[in-house]
Amino acid sequence: MSDRRKALEFGKNKPDFRRKNERYSPNEQPEPSTVAVKLGPTRIGLVGATGLIGTRVIEIASASDEARIVGIARREAKLPDGARMEMFVAESEKWGEVLEAVQPRSLICALGTTMSKVGGDEDAFRAVDQDLIIATAEAAVAAGVPNMVLVSSAGADPMSKNFYLRVKGETEKLISKVGLKRLDILRPGLLRGVREDDFRLVEKLAMVASPITDPLLPQKWAMYRSIDADLVAEAALGLGMRKAAGRFTHDNEGMKRAAREWRNAVERHAPKED
């Protein structure tokens with residue numbers, strides 16, 4: 001049975017549905033790290049579906065029956081081939097209505113831009129990497145979504161002299177106060193992966209050099225070592241299904257452990273061959 005991939009536009013008029021002949025069961029499953037019985041895929045919300053991490057979350061979730069992604073975006077975008085998910089298109093002010101309608105178990109937030117994309121405008125950068133993220137978290141809480149996984153950055157610190165890291169740290173601090181039952185903050189170092197239509201020369205050169213530079217980084221800079229985007233996406237999916245309350249921050253090693261738990265759950269629930 002395949003899933004449903006759908007674009008729903010929220011507006012003043014009646015929502016406009018565009019569907020393919022697909023469907024799925026939204027039933028929730030128990031905690032995968034503790035219960036081996038499979039009851040159905042867990043519905044997980046996703047904002048930031050077109051970025052590197054968002055794309056990998058969709059592809060990895062689509063390859064298993066552990067989770068089904070409910071994407072929310074401001075505009076329609078090309079999804080990965082074979083994506084099994086729902087995609088809702090709405091202005092950001094309407095995202096809370098979408099979340100209230102679909103009631104995901106948790107929300108993965110992979111929103112983010114770069115200073116180069118906003119032409120060096122600090123206010124424009126903050127509008128996405130802080131204002132939009134906080135507004136989305138507040139909308140999730142109001143809609144009854146208990147858990148959120150935020151993709152942040154290694155070195156995030158509200159007191160940092162680096163503008164990028166300072167905004168990331170401020171965002172982490174602010175989002176911790178919105179009232180989520182559980183908040184998982186991911187702080188990956190240099191992300192290794194292919195970005196569609198988003199070539200970043202400096203990042204590309206750093207990725208090429210990472211097998212040499214990673215071991216040379218002293219322990220106090222270990223947080224900045226490179227990590228595969230797939231591991232971050234798997235960690236986000238696995239953490240999105242946990243139920244214990246609290247605020248948790250995960251560095252590269254923590255994400256690798258969470259990714260292993262996700263893979264174990266997928267393997268445990270995979271159909272057995274005769």
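**Aromatic cluster and helix contacts**

Q: Which residues form one aromatic cluster?
A: Phe125, Phe163 and Tyr164 form one aromatic cluster. Rings of Phe, Tyr and Trp (its six-membered ring) pair if their centres lie within 6.5 Å; planes under 30 degrees apart count as stacked, over 60 as edge-to-face and the rest as tilted.

Q: What kind of model is this, and how are residues numbered?
A: This is a predicted model, in which local features need pLDDT of at least 70 and side-chain atom pairs count only at pLDDT 80 or more, while totals for chains, interfaces and linings use all residues. Residues are numbered from 1 along each chain as its sequence is written, and side-chain values use heavy atoms, with hydrogens and water left out.

Q: How many aromatic pairs does a search of the whole structure find?
A: The search finds two aromatic pairs. Phe125 and Phe163 form a tilted pair, 5.7 Å centre to centre with 55° between the planes. Phe125 lies in helix α3 (residues 122-142) and Phe163 in helix α4 (residues 163-175), 38 residues apart, and the pair thus links distant parts of the chain. Helices (H or I, at least four residues) and strands (E, at least two) are DSSP runs, numbered from the N terminus.

Q: And what about Phe125 and Tyr164?
A: Phe125 and Tyr164 also form a tilted pair, 5.7 Å centre to centre, with 50° between the planes. Those two residues are 39 residues apart, in helix α3 and helix α4.

Q: Phe125 and Tyr164: buried or partly exposed?
A: Phe125 is buried, with a relative accessible area of 0%, whereas Tyr164 counts as partly exposed at 31% relative accessibility. Buried means under 20% relative accessible area, exposed over 50%, partly exposed in between (1.4 Å probe, protein chains only).

Q: At what angle do α3 and α4 pack?
A: α3 and α4 pack at about 20°, with their axes 10 Å apart. That makes α3 roughly parallel to α4. Axes are lines fitted to C-alpha atoms, for helices over the stretch in contact, and angles run from 0 to 180 degrees between N-to-C directions. Angles under 35 degrees count as roughly parallel, over 145 as roughly antiparallel, 65 to 115 as roughly perpendicular and the rest as oblique.

Q: Which classes of residue are in the contact of α3 with α4?
A: The contact has nine nonpolar, two polar and five charged residues. Ala, Val, Leu, Ile, Met, Phe, Trp, Tyr, Cys and Pro count as nonpolar, Asp, Glu, Lys and Arg as charged, and the others, Gly among them, as polar.

Q: Changing topic, where do α6 and α7 cross?
A: The axes of helix α6 (residues 229-240) and helix α7 (residues 252-269) come within 7 Å and cross at roughly 70°. α6 and α7 are therefore roughly perpendicular to each other. Among the residues making the contact are Leu231 and Leu237 of α6, and Met255 and Trp262 of α7.

Q: Where is Leu150, and what does Leu150 touch?
A: Leu150 is in strand β7 (residues 147-151) and counts as buried at 3% relative accessibility. Not counting residues up to four places away in sequence, Leu150 touches Cys109, Ile133, Glu172, Ile175, Asp184, Ile185 and Leu186. Contact means heavy atoms within 4.5 Å.

Q: Which residue has a positive phi although it is not a glycine?
A: Gln103 has a positive phi of about 50°. Gln103 sits in the loop between α2 (95-102) and β6 (106-109), and is partly exposed at 41% relative accessibility.
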